Each structure stands twice: as C-alpha cells, then as structure tokens.
Amino acid sequence: MAHAHTEDHFDICIIGSGSGNSIIDERFDDRSIALVDRGVGEDLWFGGTCLNVGCIPTKMMVVPATMAATPEHARRLGVDLHLDGVDLGALQRRVFGRTDGISRSGLSWRESSRNVTVLREAAAFVDERTLQVGHRTITADQFVIAAGSRPRALAAAGLDDPDLAGMIHTSETILRVRQLPDRLVVVGGGVEAIEFGHIFASLGSRVTLVNRSDRLLRRIDGEIAARATQLAAEHFAVRLNQRLSSVEPAERGGLLLRFVDPSDTEYRYNTDALLVVTGRVPNGDQLAVDRAGVDVDEAGFVVVDEHQRTSREHIWALGDVCDHHLLKHVANAQARVVQHNLLHPDEPIARPAEPVPQAIFGQPPVLTVGATEEALREAGTEYVKVVQPYDTVAYGWALDDRTSFVKLLVDPATRLLLGAGVIGPEAPELGQLLVAAMSFGIDVGTMARGQYWAHPELAEVVENALLAAAAECEGAR
C-alpha cells in the first residue's frame, strides 16, 4: 500500500548519492524517498566519491601509468621498450568520458523515478526529524546518512591564497589538470599519496612526496610499509619527517614550498603544482548530526551498531561518514545491510564481520588484510610468521622479481590466518585468496593442499607461503 505523504514529508530520506543511492530499488516503489546530495568535486558530480573523484578514475589512471612505467622493468628482461609520450587529454577523455557519463545518466534516471525526489543542495539537520536542504525544509520518518567524507584540510600559511588556487590541488581536482605538471609535490604518506605519486611520476612529472612522519602507509603492517616506502623512493623522490609550513608564489613561476623537520630545520621546494592528500574526514559535521541527537566518536565518525543504526532508532548511517576503513567495498556492504533492515525491520541483519581487505595501487600494488604484526605483538598474541618472496617460484623468475613477497601471520593453535599481506605484481588478486581463507575459516594447510594450484602461476607463491606456515605451526606444537 502506498504511503501518504506531503510535498515536504517523506517516508525515507537518504543523504548521499554514492552507496546510499544503491539502496533504492523496485522494492521501495511504495515509499516516498528524498535523495539529498549536493555532489562532489568542483562540478558537484552526482554518484559519490568513488565514481567521480576516487576509486574508479584513479584506477583508470593507474593502468596507463603502470604501462608507461614498464620500459625500465622490460630492460631487465632483455626487451628494449620506449615511451614516446603521454597524451594527458586522451587519458582524461577516456576516464571522465565514462565516469561523467555515468554520473549524468544516473542523475537523470533517479530524477525520472516516480517515488524519488532528488534534492541537489547542501543539507543540515534541524532536529532528529527535520532536514534543511537549501531553502527547503523537509521531514522524514527515517533517515539514512550516507554522506561520505572529504579531503582533510591542512593548516599552512598561503594554502588558502586565491591567487594560488589553480596550482594547489586535492584528490578531487588533480586528475583533471589541463596540463601535466613538470614538477609536482605531493604532501601526505597514505594510500592516496602513494597512488597519485605513481600515476604522475609514471606519466612524466618529477614527483617529490613529502610526509611528516618517518614512513609511508603507517596504518598497514610495518614490514610491508617499509618495503613500499623503499620501492616508492626508487620511483620518485620521497622525503620523510618534514611538515609543510608555508606556500607562496615562486619568483620564476610556480610555487615555493617551505617545510620544517622536528628540529626546525627548513627545507624549500619549487614546484609547478602541489597536491595535498593528508587523509579524509567524515562529513557528519557538515550535516550537523548533533542537532539530530546522533552520536559521533572522537574523530567525528557517526557511531552505529551492528545493524548500521545510529543512536537515534530511525536514523541509519553507512560508509565513510561512520566507518574508519574509508573503503567503498565496506560502504557497499553496509548499504545492503541498511537496505534489508529498512525493508525488514522485524528481522534485522548485521553487517559482515572482519576481515576487511585494502588494496593499494602503487608501483607495485599492495593488499593487506587482518591484523598487523605490530598489533599482535602489542596484544601479546602468539603467532607464526612467514615471509615468502616472489622469486621462490617459477613465475617470479619469469618476472625477474627480487623485491616482492607474501606475508602471513598465523595462529599456531588453530592454523588460521590472523593477518596477511602481499606486495608485488598482482598483489590485490593474489591477496584475495588469503581474504577468502580468512573469511571462510580455512586453515593454512587445508588452503594449500585442498586444491590444485596451476603451475607455474604466480599464485604458487601464496601456496608456498601457506605450506611454510603449516610447517611452522607443526613445529610450534
């Protein structure tokens, strides 16, 4: 039976057009829905961060960037390749011709839905039942906060100078630059810094990555992060333990950047463009969720229970606005949970448990999942560790790979994986085998010997790591 509603009252209000948009299907045809989304990026694209400025366009740039970086590796294999050039405009037309088209068609399709009202202005809660959207006030029986996150702002003199705006970028603008910068300074040390450093260095920019701490990728396993830092430094300049203090126009054009280290020694860099990627912050504050009585944690993330319900029974949340992983596959899984719970309030389901993998598409790529060695050590958890280099299998020889490895951390009593990581070619695909083992509770011995491994595929390095871990567990008994 259709639910009666007024022009400004809805059964459900969904804030965010990324994973939140995927909740709406034909099962909601009898409900009035407001889909509120101002948009992301400078042009306020519809469809969320991943589609427009995040996962998808960056990976569509990573692929040609990796191709552009192959001549150096090919020379080690006796093949003489030459990179004749990169057509940035052609790359951008390929990437954004697809994503912008999906964004436009997605908006048009939603706006044509009989029971969905799309509101494309900034929004903020007035109280737990009321949302101000531009000049319009709406109410709803239930809300879904799927508003995502935004680039973290950095405090440094000159960063907000409007005369320098065209040379200062975030992840939301850098891929649409009109011209490939000859010199690019990347400030940050996380996933975005690694991936953008790889993209622009491979396409031809002289990249300098500057990070305020002493290593890159601080949130992942230290051994894998150290190798990633080492290999990044072979691909572009990496400077650690330096903090950006000021930005100003350079005398001969471009920017003059000043950094300081912990001893207050100053370092200066001249660059044509600056990319600041120092993390992301959830957008709950922009929505004034506190006015709705929605609790947030100390970092500003909306607090939810296992059903994705907030501290207000009729308000749900999903994705970056509430989850510290800041990963699209997590947001999608949570959207499916919210969708079910809206449809079946008397039979709620919980979000999937760990483990949550993360793929990093640098040069080389990385996948990590589960506990880090540092966390296990700090918790006093007993574990067996195996590090299996790629060059211990035939396909590793074929690649002439001397730096990549698989790392396993295993409970010696149960022989179940506690954590795992892969750094090297095809790491995300290889690592997914380990995610499967962890998710389905397959012990290392069964995973290794319970199936055929095609010889001489690269996945044999995972097989050998599993076999080595099984042997270590046997020896630990």
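This tour goes through a predicted model stop by stop, giving a selection and then what is found there.

**Stop 1: the five-stranded sheet**

Select strands E8, E15, E9, E10 and E11. In that order they make up an open sheet with parallel pairing. At the edges are E8, residues 168-169, and E11, residues 237-239, each of which pairs on one side only.

**Stop 2: strand E6 and its partners**

Select residues 136-145, strand E6, together with residues 9-15, strand E1; the two pair in the parallel sense over six bridges.

Then select residues 130-133. This is strand E5, which runs antiparallel to E6 and is joined to it by four bridges. Threonine 130 has threonine 139 in E6 as its bridge partner. What lies between E5 and E6? Two residues separate the strands in a hairpin, and glycine 134 in the turn has a positive phi of about 60°.

The next partner of E6 to select is strand E17, residues 315-317, which runs parallel to E6 and is joined to it by three bridges. Here isoleucine 145 stands opposite alanine 317 in E17.

**Stop 3: a nonpolar surface patch**

Switch to a surface view and select Leu77, Val79 and Leu81. They form a nonpolar patch with about 220 Å² of accessible area together. Leucine 81 sits in the loop that runs between helix H3 (70-76) and helix H4 (88-111). Its relative accessible area is 36%, so leucine 81 counts as partly exposed.

**Stop 4: backbone exceptions**

Most residues other than glycine have a negative phi, and most peptide bonds are trans.

- Select glutamate 354 and proline 355: the peptide bond from the glutamate to the proline is cis, with omega near 10°. Proline 355 belongs to the loop between helix H7 (328-343) and strand E18 (358-360).
- Select histidine 455 and proline 456, which are joined by a cis peptide bond with omega of about 0°. The loop holding proline 456 lies between helix H11 (444-449) and helix H12 (460-476).
- Select asparagine 241, where phi is positive, near 60°. This asparagine is in the loop between E11 and strand E12 (243-249).
- Select aspartate 400, which is not a glycine but has a positive phi of about 55°. Its loop is the one between helix H9 (394-399) and strand E21 (405-410).

Is asparagine 241 buried or partly exposed? With a relative accessible area of 31%, asparagine 241 is partly exposed. Is aspartate 400 buried or exposed? Aspartate 400 has a relative accessible area of 17%, and is therefore buried, the cut-off being under 20%.

Conventions: Residues are numbered from 1 along each chain as its sequence is written. This is a predicted model: local features need pLDDT of at least 70, side-chain atom pairs count only at pLDDT 80 or more; totals for chains, interfaces and linings use all residues. Side-chain values use heavy atoms; hydrogens and water are left out. Two strands pair if DSSP finds at least two bridges between them. Patches are made of residues with over 30% relative accessible area and no salt bridge: like charges are joined within 9 Å, nonpolar side chains (Val, Leu, Ile, Met, Phe, Trp, Tyr) within 5 Å. Accessible areas come from the Shrake-Rupley method with a 1.4 Å probe; for residues, only the protein chains shown count as cover. A salt bridge is a side-chain nitrogen of Lys or Arg within 4 Å of a carboxyl oxygen of Asp or Glu. Buried means under 20% relative accessible area, exposed over 50%, partly exposed in between (1.4 Å probe, protein chains only).
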